Amino acid sequence: MKNISLLGSTGSIGNQSLDVCRMHGYKVRCLTANSRVDIIENQVREFKPDMVCMMSEKSASELKTRIADTNTKVVSGMDGLIECAVYDKADTVLNSVVGMVGLCPTLEAIKAKKTIALANKETLVAGGHLVTNLARENGVSILPVDSEHSAIFQSMQGMPSKKAVKKIILTASGGPFFGKKLSELENVTAQDALKHPNWDMGAKITIDSATMMNKGLEFIEAKWLFDMPNEDIEIVVHRESVVHSAIVYQDNSMIAQLGVPDMRIPIQYALTYPEREPSPVKELSLTDYGKLTFFEPDYDTFKCIDVCRNAIELGGLHPAAANGANEESVKLFLNGKIKFTDIAYLNNEAMKNAPDKKDFTLDDVLEADRQAREFVIEAVK
């Protein structure tokens with residue numbers, strides 16, 4: 001039986017992860033959330049975890065009162081999140097929290113030799129070689145949960161050797177503003193940007209899809225997950241979100257993973273790997289779609305892609321700064337403080353302002369993140 005510690009259980013990925021656990025009878029040992037007490041109370045009562053963490057102290061206190069009739073221990077804050085990540089009765093940590101908060105618990109879970117099912121982009125974007133080197137030293141597998149990286153990982157199964165891969169193709173939906181020019185996006189609202197054509201995701205990730213910052217972050221993540229040169233990672237806009245990503249072999253054969261746009265496929269594969277099990281997801285019908293389309297990204301309009309590509313070219317702390325700036329910029333946009341088109345500008349300026357330090361520590365990453373956020377706030381003031 002799998003024993004799961006699920007970090008970020010009340011979000012979109014968290015809820016779909018529980019669908020998979022429910023179907024296969026996996027034991028959920030730990031659950032964590034930020035502040036959504038109503039949702040996590042229901043999860044506690046259904047899955048009966050040993051421990052639950054709320055990042056908000058107030059929410060933790062309320063939850064403790066609500067579930068006083070259960071045997072579930074309630075902890076809080078970053079210390080509590082890490083306690084769930086290293087819990088001795090869990091063998092797999094599924095990290096689906098959003099943002100930089102996911103980095104420290106991932107590192108601690110690796111040290112505790114847990115298998116990592118990773119849905120938190122920021123862990124690899126900001127942590128880079130800190131994460132991959134630590135995983136290598138501890139013999140820990142990092143199994144991707146993002147649909148694109150899972151597709152690449154699945155396509156690589158059975159490859160003769162790493163050198164057989166010529167390049168990676170990351171597919172992107174293009175978000176709600178596909179086909180628009182920069183001038184047309186000047187006055188779009190948060191409500192406009194939250195209308196994703198294919199995926200049901202949280203607000204932050206949906207805005208990242210609208211700016212295509214998510215594809216830039218995934219570009220960086222792919223580099224670390226698959227150890228590929230930047231020039232061998234290609235981005236292609238695929239509106240239907242059926243081809244989740246692909247690889248090209250040296251003989252120019254292309255292997256892709258296809259499926260309906262449902263995150264439960266990559267979530268389940270990370271939990272069942274290397275086995276294939278029945279899934280709660282419906283079967284893909286190619287004839288229902290009829291045709292699949294592919295386009296080159298519009299880099300002039302969606303400038304966030306190049307912010308990330310330039311950040312990983314510069315290396316060091318620049319990706320951490322780009323990520324931290326983006327988290328702050330998206331928050332400001334959702335609160336109506338800046339325009340949609342300001343996001344890429346602020347991310348780029350903060351990224352360029354990052355310290356040029358190639359050999360960095362966790363403290364350096366956290367400081368670069370803090371400085372980037374502060375840069376954005378001061379620029380807006």
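The model is predicted: local features need pLDDT of at least 70, side-chain atom pairs count only at pLDDT 80 or more, and totals for chains, interfaces and linings use all residues. Residues are numbered from 1 along each chain as its sequence is written, and side-chain values use heavy atoms, with hydrogens and water left out.

**Stop 1: helix 12**

Select residues 264-272, which form helix 12. Helices here are DSSP runs of H or I with at least four residues, strands are runs of E with at least two, and both are numbered from the N terminus. Eight of the nine residues of helix 12 are buried. Buried means under 20% relative accessible area, exposed means over 50%, and partly exposed lies in between (1.4 Å probe, protein chains only). The buried set is Arg264, Pro266, Ile267, Gln268, Tyr269, Ala270, Leu271 and Thr272.

Now show what surrounds them. The buried residues pack against strand 1 (3-7), helix 1 (12-24), strand 5 (92-95), strand 6 (115-118), strand 7 (142-144) and helix 8 (147-155). Zoom to Thr272, buried at 7% relative accessibility. Beyond four places in sequence, Thr272 touches Tyr26 and Glu277; contact means heavy atoms within 4.5 Å.

**Stop 2: Leu103**

Leu103 is in helix 5 (residues 103-111). Its relative accessible area is 1%, so Leu103 is buried. Leaving aside neighbours within four places in sequence, select its contacts: Asn120, Thr123, Gly127, Val131, Leu362 and Val365. Then set a C-alpha to C-alpha distance from Leu103 to Met78: it reads 11 Å, for residues 25 apart in sequence.

**Stop 3: the hairpin**

Select strand 10 (residues 243-249) and strand 11 (residues 254-258); they run antiparallel and are joined by five bridges. Two strands pair if DSSP finds at least two bridges between them. Ser245 stands opposite Gln257. Four residues separate the strands, and Asn252 in the turn has a positive phi of about 70°.

**Stop 4: a helix crossing**

Select helix 10 (residues 203-211) and helix 11 (residues 213-226). Their axes come within 5 Å and cross at roughly 95°. Axes are lines fitted to C-alpha atoms, for helices over the stretch in contact, with angles from 0 to 180 degrees between N-to-C directions. That makes helix 10 roughly perpendicular to helix 11, a label for angles of 65 to 115 degrees; under 35 is roughly parallel, over 145 roughly antiparallel and the rest oblique. Show Lys204, Asp208, Ser209 and Thr211 of helix 10 against Met213, Asn214 and Leu217 of helix 11.

**Stop 5: salt bridges**

The whole structure has 32 salt bridges. Each is a side-chain nitrogen of Lys or Arg within 4 Å of a carboxyl oxygen of Asp or Glu.

Start with Lys339 and Glu186, at 3.1 Å, N to O. Lys339 lies in the loop between helix 15 (318-334) and helix 16 (342-352), and Glu186 in the loop between strand 8 (165-172) and helix 9 (190-193), so the pair ties together parts 153 residues apart in sequence. Lys339 is partly exposed at 37%, and Glu186 is partly exposed at 32%.

Next, pick Glu327 and Arg373, whose closest N and O atoms are 2.7 Å apart. Glu327 is in helix 15 and Arg373 in helix 17 (residues 362-380), 46 residues apart. Both are buried.

Stay in helix 17 for Arg370 and Glu374: they are four residues apart, or about one helical turn. Their closest N and O atoms are 2.9 Å apart.
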